[in-house]
Amino acid sequence: MEASLAHNGATQAKFARGWYLVDWSTELRPGEVKPLRYFGKDYVLYRGDNGQATLLDAHCPHLGAHLGYGGRVEGNEIVCPFHAWRFGPMGRCTKVPYASRIPPRAAVRAHGLQEHSGMILAHFGPEGIEPSYEVPAIEEMNDPAWTPLQHAQIGIATHPREVIENIADYAHFLPVHKTLIDDFKVIIDGPRATQHSIGRGHNLEGDPIPVVSVATYHGPAIQFTRLQWAYDMVLINAHIPIEENELLLRFGVILKAGEGVTLPPEVLEAHVAAARNGYFEDVAIWENKCWRDQPVFADGDGPIGEVRSWYASFHSDATTSG
Ligand code: FES
Ligand SMILES: [Fe+2]
């Protein structure tokens with residue numbers, strides 16, 4: 001199986017190489033088939049009866065039907081809706097129901113997946129290049145003191161670089177997020193970039209409380225935020241391009257209620273909603289702003305240039321360490 005959602009010449013410069021969240025684990029049941037469109041291309045995602053998720057290029061090598069529209073799972077294979085050719089998780093055709101032999105070139109490209117921490121992850125990059133880093137598991141998900149993963153997603157019209165740049169944008173916290181930041185730094189380490197911030201916000205009762213956040217991008221598209229606010233929380237902030245200026249923004253959250261503690265549903269939902277809304281607060285800015293290649297900066301703006309360079313490093317085909 002190939003390790004990457006392969007670049008081709010046309011997409012190479014457009015999209016950053018690395019791991020992307022292609023779906024939530026709970027959103028793909030055994031036997032389910034989904035058409036996906038990411039990176040300006042069509043894919044089909046399905047889950048076999050053995051529980052394994054498989055991601056293939058969408059279009060059948062026979063006469064080009066989209067396997068994600070009407071394709072069905074049999075065992076761990078997918079059957080094309082048009083003439084019922086079957087394809088396995090490696091993308092090879094395993095059966096042509098009306099023919100005596102399978103044509104040797106009957107295959108679709110299969111893309112390697114990893115699945116952990118409630119996420120189905122695929123690596124996007126040049127063909128043949130192995131991932132140069134891993135997305136770590138969220139250990140808190142194995143701790144009974146934490147609530148089950150809840151998630152949301154929205155499609156927005158913007159470029160991924162706008163989402164990335166947010167981690168270095170010190171001066172937007174107060175106007176956009178209503179949080180006063182006392183301490184702020186961004187540390188870049190190979191494929192990871194971490195924003196540390198200590199600030200002052202409010203709990204849902206309106207009392208002032210500290211807000212401590214450590215938010216790490218593992219590569220160009222998946223960020224885990226450890227947040228100390230009214231509760232301890234772990235947030236998943238992930239984006240994936242659909243087309244060049246259109247992306248899907250995904251938000252996941254677990255919250256530390258305490259072992260054996262069941263929070264009243266309305267309390268849990270109010271805190272989940274506050275965290276989710278906080279993440280989505282930038283959307284209106286992103287959808288309507290323009291991109292400045294050479295912004296006019298003021299002192300105190302945060303290390304936006306450094307984060308731009310770090311993000312640009314995922315657009316070369318060279319591998320990074322880490
Ligand atoms: S197009 Fe898929 S089997 Fe014919
Ligand atoms: Fe923001």
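Which residues of helix H5 (residues 304-312) are buried? They are Ile304, Val307, Arg308, Trp310 and Tyr311. Buried means under 20% relative accessible area, exposed over 50%, and partly exposed in between, with a 1.4 Å probe and protein chains only. These five buried residues cover an arc of only 160° around the axis, which puts them on the same side of H5. The arc is taken from the directions that run from the helix axis to the C-beta atoms. Glu306 and Ser309, on the other side of H5, are exposed. The cover over the buried residues includes helix H1 (160-165) and the strands S14 (180-189), S15 (192-202) and S16 (208-218). Contact here means heavy atoms within 4.5 Å.

This is a predicted model, in which local features need pLDDT of at least 70, side-chain atom pairs count only at pLDDT 80 or more, and totals for chains, interfaces and linings use all residues. Residues are numbered from 1 along each chain as its sequence is written, chains are lettered from A and ligands numbered from 1 in the order in which they are written, and side-chain values use heavy atoms, without hydrogens and water. Helices (H or I, at least four residues) and strands (E, at least two) are DSSP runs, numbered from the N terminus.

Strand S16 leads on to its neighbours. S16 and strand S17 (residues 222-228) run antiparallel, joined by six bridges. Strands pair if DSSP finds at least two bridges between them. Tyr217 stands opposite Gln223 in S17. The hairpin of S16 and S17 has three residues between the strands, and Gly219 takes a positive phi near 85° there. S17 also pairs with strand S18 (residues 232-243), again in the antiparallel sense, over seven bridges. Thr225 has Leu235 in S18 as its bridge partner. Why is S17 described as largely enclosed by the rest of the structure? Because five of its seven residues are buried.

His172 counts as buried at 8% relative accessibility. His177 is buried too, with a relative accessible area of 17%.

Next come the rings. The structure holds twelve aromatic pairs. Rings of Phe, Tyr and Trp (its six-membered ring) pair if their centres lie within 6.5 Å; planes under 30 degrees apart count as stacked, over 60 as edge-to-face and the rest as tilted. Tyr20 and Phe39 form an edge-to-face pair, 4.8 Å centre to centre with 85° between the planes. Tyr20 lies in strand S2 (residues 18-24) and Phe39 in the loop between strand S3 (33-38) and strand S4 (41-47), so the pair ties together parts 19 residues apart in sequence. Tyr20 is buried, with a relative accessible area of 1%, and Phe39 is buried at 1% as well. Phe173 and Phe184 have ring centres 5.9 Å apart and planes at 65°, so this pair is edge-to-face. It links Phe173 in helix H2 (residues 173-177) with Phe184 in S14, eleven residues apart. Both Phe173 and Phe184 are buried. Phe15, Tyr20, Phe39 and Phe124 form one aromatic cluster.
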